[in-house]
2 protein chains.
Amino acid sequence: MRIKGFLLAIASFSILILFLFAQAAPAALKSFHVMPMPSSITPGNGQLPIDESFKACLTGYADTQLPSSVARFLQRLQNKTGIPLDLTPSLDTKQAILEIQCKGPGEQVQSVAADESYTLEVNSHDAKLIAASPIGVFRGLETFLQLVDLDNHSFYVPALRIEDHPRFRWRGLLVDVSRHWEPIEVIKRTLDAMAAVKMNLFHWHLSDDQGFRVESRIFPKLHQKGSDGKYYRQSEIREVVAYARARGIRVVPEFDMPGHTTAWLVAYPELAGAPGPYQIERSWGVFDPCMDPTKKSLYSFLDLFIGEMVALFPDEYFHIGGDEVNGKQWDSSARIREFKKREGMKNNRDLQAYFNRQLLKILKKHGKKMIGWDEILHPELPKDIAIQSWRGQKSLAEGARLGYNGILSYSYYLDHMKPASFHYGIDPLGAEAADLTEKEKMHILGGEVCMWAEFVNPENIESRIWPRTAAIAERLWSPASSEQVDDLYYRLEYISRELDSYGSMHRRNPFQMLERMAGCQDISPLKQLSDLLKATGLGVRQRARKYYSYTPMNRLADSVMPESEIARQFDILVDNALYGTNGISESSLSEIQKRLSLWNENDSKLKPIIEKSYLLGEAGSLSALLADLCKTGLESLEYIKLRQKAPESWQKEALALLDRTDKPQAEVLIAVAPSIRKLIEVAAAGMVMHVDRIMLEPTSGSKR
Amino acid sequence: MRIKGFLLAIASFSILILFLFAQAAPAALKSFHVMPMPSSITPGNGQLPIDESFKACLTGYADTQLPSSVARFLQRLQNKTGIPLDLTPSLDTKQAILEIQCKGPGEQVQSVAADESYTLEVNSHDAKLIAASPIGVFRGLETFLQLVDLDNHSFYVPALRIEDHPRFRWRGLLVDVSRHWEPIEVIKRTLDAMAAVKMNLFHWHLSDDQGFRVESRIFPKLHQKGSDGKYYRQSEIREVVAYARARGIRVVPEFDMPGHTTAWLVAYPELAGAPGPYQIERSWGVFDPCMDPTKKSLYSFLDLFIGEMVALFPDEYFHIGGDEVNGKQWDSSARIREFKKREGMKNNRDLQAYFNRQLLKILKKHGKKMIGWDEILHPELPKDIAIQSWRGQKSLAEGARLGYNGILSYSYYLDHMKPASFHYGIDPLGAEAADLTEKEKMHILGGEVCMWAEFVNPENIESRIWPRTAAIAERLWSPASSEQVDDLYYRLEYISRELDSYGSMHRRNPFQMLERMAGCQDISPLKQLSDLLKATGLGVRQRARKYYSYTPMNRLADSVMPESEIARQFDILVDNALYGTNGISESSLSEIQKRLSLWNENDSKLKPIIEKSYLLGEAGSLSALLADLCKTGLESLEYIKLRQKAPESWQKEALALLDRTDKPQAEVLIAVAPSIRKLIEVAAAGMVMHVDRIMLEPTSGSKR
């Protein structure tokens, strides 16, 4: 559901509210700052105070893990409120404020069919959480924690009844640790944050051309020669898998093959389609090195290797990648060409399907299901493989029609630096799936957010994942009807702070990066500039200069956030000023004037900081351009106030300036430029135009 | 060296600069943002760029630890610059930019006599660090890291030559983990920060009336009954000791006895001077429960216990506390009175000396030196014990005269919430030690900062320790002559950011506490208020209300910093405005007006936030008082500008307002009040008075 879906959603605004919150007034919506929004919330009367007397108890089933999960919840509740709590869940219901009733043990190994549902009932005296399995308990405790708020009396949870279950069974996040390495702490923080927004699958992209990241004891050269020393020890893998399991998150490893395998081939060139030697890739793109599917020895190797890996990764699925084989090595080799001919293969797709069939046999032998990218879809492969679609909703729907399970990743690529509202609008069961039968729809398991790592490292990765991923987590968990962009951003801001308080570095690290750039100086003017910018995606950055895996990521382009909340708010203000129901709003105009003046003056405050820092050299012209733009915006206001059409010469200059702001500068964009464009256009026209168009569009950047 | 010393120091300002930086102009001072300031810095020409080519090598001695210490340094340098570096120190000098030459292995167990000296030479091509032992290497690497700065060309280290060694051998920090528990992560972060400012001793106050915090396998009831489950496992103790050792920090455990032992006696009441049962103390003060020194079984117990503990703590010293025995149990027991009579003891001091002699025998048997608080000083104890002085410099000097080794803690108590400049002015070899012979002076080993834990928990402890402790670390490391308060604060601000970037939570956590208080709202106005306040010490808080160990610490009084840098800067501005060499400065007055207006307007912005939060209820009148004060300050400016004497009625009201601001409100103080008082006094007098007094005083609050 893209732009079209949005328009529809905006149009049916009030109907949706009634649908979702039958008993709540629209204003009450904001009081439930929960993300993802539960399937059903029925507000009650009053609220449950959270104070020193708060205790939790466990009734029903409890394994050895559950009490420590509840203790962790209590510790987080203590952190959130600052109130010392008894961290040991009691077994006695009498003293407890929150009763947690777990019905049964759930699955030995969490599967795609795991029951994650729960009900939570809160009244002014106590609360009860009921779930079929520990995973449902985890989900319910996250909801409870998010509901905790404070007023002028106490911390509290509002009285309510929640019945909740996910819309999709597969709600994943892929983290690429090959292109840039991520240490265990970052992975753990990411899992904590995923659990907070009820995601249930961590897709660990463990090998690629730029690095092989797992210790192999059978083939130690894989990590020794393929990783620059940056790999996970097997004990660490086990630790992460257990950590994820304790949060209701599956871990699916990906070993991308037969392409994207340079790092393997550095260690074992004999597996390749062309003689080596090979070197770890240091740049980005699709490269030639590729496994040779015609070699029997390859499958003996993979059998041993996969046998070793399945002992580390208990999940039912094993991701074999399978994307972006350019076929150059296969075409160049006489032996491979001969093999294809002999086997009656028409093209390299057939050869890759052959490879995948061999791989599938190995996976089955080791008790695993195969999952891979779009390219593995081939008529010769059986229906029990799953397809991860980077090609889009159409490709996903086609797979489902053919009877393949699939998950959507198209448009959930974080490195494209799209706004949360854009991702939020993408539904795995969107328009493209409209014609599927109910049974076919069941093949669409869910979606996966992808954090490809060309432009992220341990310092900035979290700021690229959060909070945007929370919006996708909601899209995959909540009923399809949650479509209000303003409410989305209100709750995103809330969840962003929550994640920060749980230990995520997505807000802190960008701040520290600004402090680094400024040296030992007050960074307020730099923060001001940074808050008005937005980061650019993979494409812009790759065109801007040649990047390598060892290129420092310490510039503004690496720290600026993917979207600017200040810009979004400003855009709303501009829309109110120009297109309000009562015509042009003078008070909004004067608020705009205040902000533009402030931003305009920032340039001179920033200058001395920029002059002292080589990392900020490129920020100078950016800041000056922003200042010019604000100045032109201020001039527009004068024309608008006087209801005058601006002179032609002014228009020409203003539009030339706008043209410059459309292009990235220093690999970032001025986030407030589109709103200032609106002011300039109205000043140039001497009247408010296009009211219909603007009124119908969502207030944030889904059109970008 | 207290106020008197300060005045002297200010008076001899220029002489000091010449003394310390013979070759540097005063302006160059600020370019070396190193803390503690090295014994000697000789500036060179040019600077050494830090870029992708930076490599370090180890020459001379290297044990198994040193390469990983250097790797950790390289990782931190990478974090500081954002430049990916080769993290493995090479053994080849040719490629290296920084050569680290370690002469020898140092001590097996770090002692008070450890050689911490190093020399660091940096030119525009490379750098060389030479140290006698790994500990000297650690110290030098911290200096190198702090020297890294950036300009408009690159990151760099200025060319210079440093010869550095500590003035005192004992530079400690006591952390009380009994009154409030601190988890291992907080301890580790504290050790990291200590290492950054070259402190060499972590004094772990592990038992007190409120908790016994170490696992004992011989006497498991100690931690089981005495800790509420909040204790360190033996494996964790070993981990901390090793962590500290890898940073050149000794760990001295303190088991406070025979008083402050309620938590022991909960588990083993038979050790007490009165029949139990006992309960863990939940409040603060000096309590009656005390060990019974007349029982032989006590010494068998302690022999076994200490035998167990010395296996965990390799340090040569073992701290036995010995403070604040109120003697009530001893006086009440007929048996104990009889024992004293029989042994010819005049008083409880004699009885405690008897206890200490028995304890000393046990410690000697286990190869340990005894250290304890002032009270253990008794003519019957031998000279090889060390005394930690909480009674002050005079007591310390007396001990030294008697031949006892001693360390100063008086005036290094962080819970008194004094400003850094106050602590900075206290010298273990200050005026009180002036009459000591050189040999006697050698008995004064150094000092220890004390973080008592009545009002700190894992969330706010770091904000009470840092950055103030860095000032004391400098007092104990650097030459006695470093006395410039402005430069101190300039470097404190720098080191504070450094520590933050190394992972310390001392800046982040108070911010998150404000976010908690405000709920899901923009906290800027609350931050503004908070920045103009300062925290109050133990005394004020204890008088304000009854506190228990389980009282939430989530209020403004718990988050506000011990000093306000904004207030300090404002005070300098006010002094410039009123007492500048050219008389009253109009430009400074208008800057004052700008700030007072801003702060005055803050109250109305804060109101809606306060109204929504029960945690901020008490902040309302505080904010209103500050607003009133700023308004009165603004009125003062009008009189001052007109060189008019304010009318009597205005004066009366203004002074009444000032009286209110002298008293804590909501257990905090308005940090800018003393500066506004200056304005009001000048307005009331119609002229600038007391120029001499004010000119001679240091610009920050050492008079508090």
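Reader: Are B:Arg508 and A:Asp500 buried or exposed?

Author: B:Arg508 is buried, and A:Asp500 is buried too, where buried means under 20% relative accessible area, exposed means over 50%, and partly exposed lies in between, with a 1.4 Å probe and protein chains only. This is a predicted model, in which local features need pLDDT of at least 70 and side-chain atom pairs count only at pLDDT 80 or more, while totals for chains, interfaces and linings use all residues. Residues are numbered from 1 along each chain as its sequence is written, chains are lettered from A and ligands numbered from 1 in the order in which they are written, and side-chain values use heavy atoms, with hydrogens and water left out.

Reader: What makes B:Arg508 and A:Asp500 a salt bridge?

Author: A salt bridge is a side-chain nitrogen of Lys or Arg within 4 Å of a carboxyl oxygen of Asp or Glu. The N to O distance between the side chains of B:Arg508 and A:Asp500 is 3.2 Å, and because that value meets the limit of 4 Å, the pair is counted. This pair crosses between chains, running from B:Arg508 in helix α19 (residues 508-518) of chain B to A:Asp500 in helix α18 of chain A; helices here are DSSP runs of H or I with at least four residues, strands are runs of E with at least two, and both are numbered from the N terminus.

Reader: How many salt bridges are there between chain A and chain B, and what else describes the place where they meet?

Author: The count between the two chains is 6 salt bridges, and the rule also finds 16 residue pairs in polar contact across the interface, with both residues at pLDDT 80 or more. A polar contact is a pair of N or O atoms within 3.5 Å; within protein, one must be able to donate a hydrogen and the other to accept it, and residues adjacent in sequence count only if both atoms are side-chain atoms. On the side of chain A that touches chain B, α3 (66-81), α18 (485-502), α19 (508-518) and α24 (586-612) of chain A each supply at least two residues, and α19(A) gives the most, with 6 residues.

Reader: How many residues of each chain are in contact, and how much area do the chains bury?

Author: There are 43 residues of chain A in contact with 44 residues of chain B, contact meaning heavy atoms within 4.5 Å. The two chains bury about 3100 Å² between them, 50% of it on carbon and sulfur atoms; buried area is the accessible area (1.4 Å probe) that two parts lose on being put together, summed over both.

Reader: Why are the two copies said to be related as by a two-fold rotation axis?

Author: Chain A can be laid on chain B by a turn of 180° and a shift of 0.0 Å along the axis, with an RMSD of 0.0 Å, and the two copies are thus related as by a two-fold rotation axis. The superposition is by least squares on the C-alpha atoms of residues with pLDDT of at least 70 in both copies. In chain A, the C-alpha nearest the axis belongs to A:Arg508, 4.2 Å from the axis.

Reader: How do you know that the copies meet through the same surface?

Author: Of the interface residues of chain A, 100% are also interface residues in chain B, so the copies meet through the same surface.

Reader: Why is A:Gln101 called buried, and what does its side chain meet?

Author: A:Gln101, found in strand β3 (residues 98-102) of chain A, has 18% relative accessibility and therefore counts as buried. Its side chain is joined to that of A:Glu99 by a polar contact of 3.5 Å. A:Glu99, also at 18%, counts as buried, and its side chain meets that of A:Lys128 in a salt bridge of 3.7 Å, N to O. That pair links distant parts of the chain, 29 residues apart, with A:Lys128 in strand β5 (residues 127-131) and A:Glu99 in strand β3 of chain A. A:Lys128, at 30% relative accessibility, counts as partly exposed.

Reader: Why is helix α17 of chain B called largely enclosed?

Author: In helix α17 (residues 468-477) of chain B, 10 of the 10 residues are buried, so this helix is largely enclosed by the rest of the structure. Among them are B:Arg468, B:Glu474 and B:Trp477.
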